[in-house]
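Please read it next to the sequence and the coordinates.

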Amino acid sequence: MRSWSADEVPQLPGQGPALRLFDTADQQVRPVAVGDTATMYVCGITPYDATHLGHAATYLTFDLVYRLWLDAGHRVHYVQNITDIDDPLFERADRDGIGWRELGDRETQLFRDDMAALRVLPPRDYIGATEAIGEVVELVEKMLASGAAYVVDDPRYPDVYFRADATAQFGYESGFDRETMLTLFAERGGDPDRPGKADPLDALMWRAERAGEPAWPSPFGPGRPGWHIECAAIALSRIGTGLDVQGGGSDLVFPHHEFSAAHAESVTGERRFARHYVHAGMIGWDGHKMSKSRGNLVLVSRLRAEGVDPGAIRLGLFAGHYRDDRFWSPEVLATAVDRLSRWRAATALPAGPDAADVVARVRRYLADDLDTPKALAALDGWVADALEFGGHDGRAPQLVATAVDALLGIKL
């Protein structure tokens, strides 16, 4: 599937420090040890509605990771999926009276437009689930052969399930106890009460064909992929083993990321699917988490249509730490718009205070678990001095503008 276009990332003098990130499995901030090419898999959208600020916050988080790797001198192999075959897509298409593929294509294009406007660096591989059916089938075959998966005893719907106990380490990523797992599994797309399962926690890998639903052929019968196996198959086929970062929103920790990692581990024999599991916090509006089911969405496309500068959207979301659940509001946006205006005014000056120290601090803060609040505060200090006192360094305003572009993705 086609990705989106991106502006070239400018290079800063020198090289940024090594990145440290909070790992969900280990519950601590630790160094992200990567080779010449850093690898990252981030879960994409299910394209049945427009991009909201909760989506944007997640993809901006991993855009920062991408940019910091580039600044530290690494190449980056970034993969993102699109869950372009799933129940919510069918339900919305039926409601709106259009084909599910038409709906998916329309909303995927809107997502691309929003990401390009926000200056999010595109993945090298942008893969729809429907493009990866062959990889999914191959993976399911391997797990059936090894005993990590089984077919339920249901002649009508012989679905294929993954055994939650197929890997000894299952549960290490989330750290949840079984009761919590069962609760979240039921709330987030699982089917604990499905008759014929060996364990209520076992996860669907291949959904046997139902009337009126699309299906693809396989050795175990026509059907379509489950949610978790899609990401495992795409990551393994595009990146392989030794993934540096698996990322997404914090609502994906369980069951989605726990199971996608377990699927991959059951085939590769590795102890960990990814060296780092990184999760962004939720964005709220009007007292609740922003979600399609609740309908309390602030859409990126709507803000753009109202004339909001995408740079201000980035700044508004960067005002809080990426791991924190936080709220969007008119006040957050107004502060971001004012900050962007002041930064642009300062970097348009013919000269300013020396900028080497502030650029070094911004690099250091961002490399320390993406501490955007500290980075923004450091830049605010330089901007305040430049606007009030001026300066004698003719290169400083451009250096700051280049740093903001390269590291924060904001054009001044």
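A residue is called buried under 20% relative accessible area, exposed over 50% and partly exposed in between, with a 1.4 Å probe and protein chains only. By that scale Asp-71 is buried, at a relative accessible area of 11%. The model is predicted: local features need pLDDT of at least 70, side-chain atom pairs count only at pLDDT 80 or more, and totals for chains, interfaces and linings use all residues. Residues are numbered from 1 along each chain as its sequence is written, and side-chain values use heavy atoms, with hydrogens and water left out.

**Domains**

- The protein chain splits into domain 1 (18-283) and domain 2 (330-406), with bounds that come from an automatic or database domain assignment.
- The centres of domain 1 and domain 2, taken over C-alpha atoms, are 37 Å apart.
- Their contact (heavy atoms within 4.5 Å) takes 13 residues from domain 1 and nine residues from domain 2.

**Nonpolar cores**

- A nonpolar core is a set of buried Ala, Val, Leu, Ile, Met, Phe, Trp, Tyr and Cys residues joined through side-chain atoms within 4.5 Å.
- The largest core has 75 residues, and Leu-53 and Trp-69 touch the most other members.
- Helix α1 (residues 53-71) gives the largest share of this core, eleven residues; helices (H or I, at least four residues) and strands (E, at least two) are DSSP runs, numbered from the N terminus.
- Both domain 1 (18-283) and domain 2 (330-406) contribute residues, so this core lies between them.
- Not counting residues up to four places away in sequence, Leu-53 touches Ile-283, Met-290, Val-298, Val-300, Leu-303, Ile-313, Leu-317 and Trp-328.
- A second, separate core holds 54 residues, including Val-79, Leu-103, Tyr-172 and Phe-254.

**Helix α13**

- Helix α13 (residues 396-408) has 13 residues, which at 1.5 Å a residue should span 18 Å; the end C-alpha atoms are 17 Å apart, which agrees.
- The expected span is 1.5 Å times one less than the number of residues in the helix.
- Eleven of the 13 residues of α13 are buried, so that the helix is mostly covered.
- Among the buried residues of α13 are Val-400, Val-404, Asp-405 and Leu-408.
- The buried residues of α13 pack against α1, α9 (310-318), α10 (330-347), α11 (356-367) and α12 (372-389).
- Gly-409 follows α13 and has a positive phi, near 75°.

**Salt bridges**

- A salt bridge is a side-chain nitrogen of Lys or Arg within 4 Å of a carboxyl oxygen of Asp or Glu, and the count by this rule is 31.
- Arg-363 and Asp-71 form a salt bridge of 2.8 Å, N to O.
- That pair links distant parts of the chain, with Arg-363 in helix α11 and Asp-71 in helix α1, 292 residues apart.
- Like Asp-71, Arg-363 is buried, with a relative accessible area of 10%.
- In the salt bridge between Arg-238 and Glu-135, the closest N and O atoms are 2.4 Å apart.
- Arg-238 is in helix α6 (residues 227-238) and Glu-135 in helix α4 (residues 133-146), so this pair ties together parts that are 103 residues apart in sequence.
- Arg-238 counts as partly exposed, at 24% relative accessibility.
- Asp-7, Arg-119, Asp-405 and Lys-411 are linked in a network of salt bridges.

**Glu-213**

- Glu-213 lies in the loop between β8 and β9 and counts as buried at 18% relative accessibility.
- The side chains of Glu-213 and Arg-224 meet in a salt bridge of 3.2 Å, N to O.
- Arg-224 is buried too.
- A polar contact of 3.1 Å joins the side chains of Glu-213 and Arg-207; such a contact is a pair of N or O atoms within 3.5 Å, where within protein one must be able to donate a hydrogen and the other to accept it, and residues adjacent in sequence count only if both atoms are side-chain atoms.

**Asp-159**

- Asp-159 sits in the loop between β6 (149-151) and β7 (160-162), and at 1% relative accessibility Asp-159 counts as buried.
- Leaving aside neighbours within four places in sequence, the contacts of Asp-159 include Tyr-150, Arg-194, Trp-206 and Arg-207.
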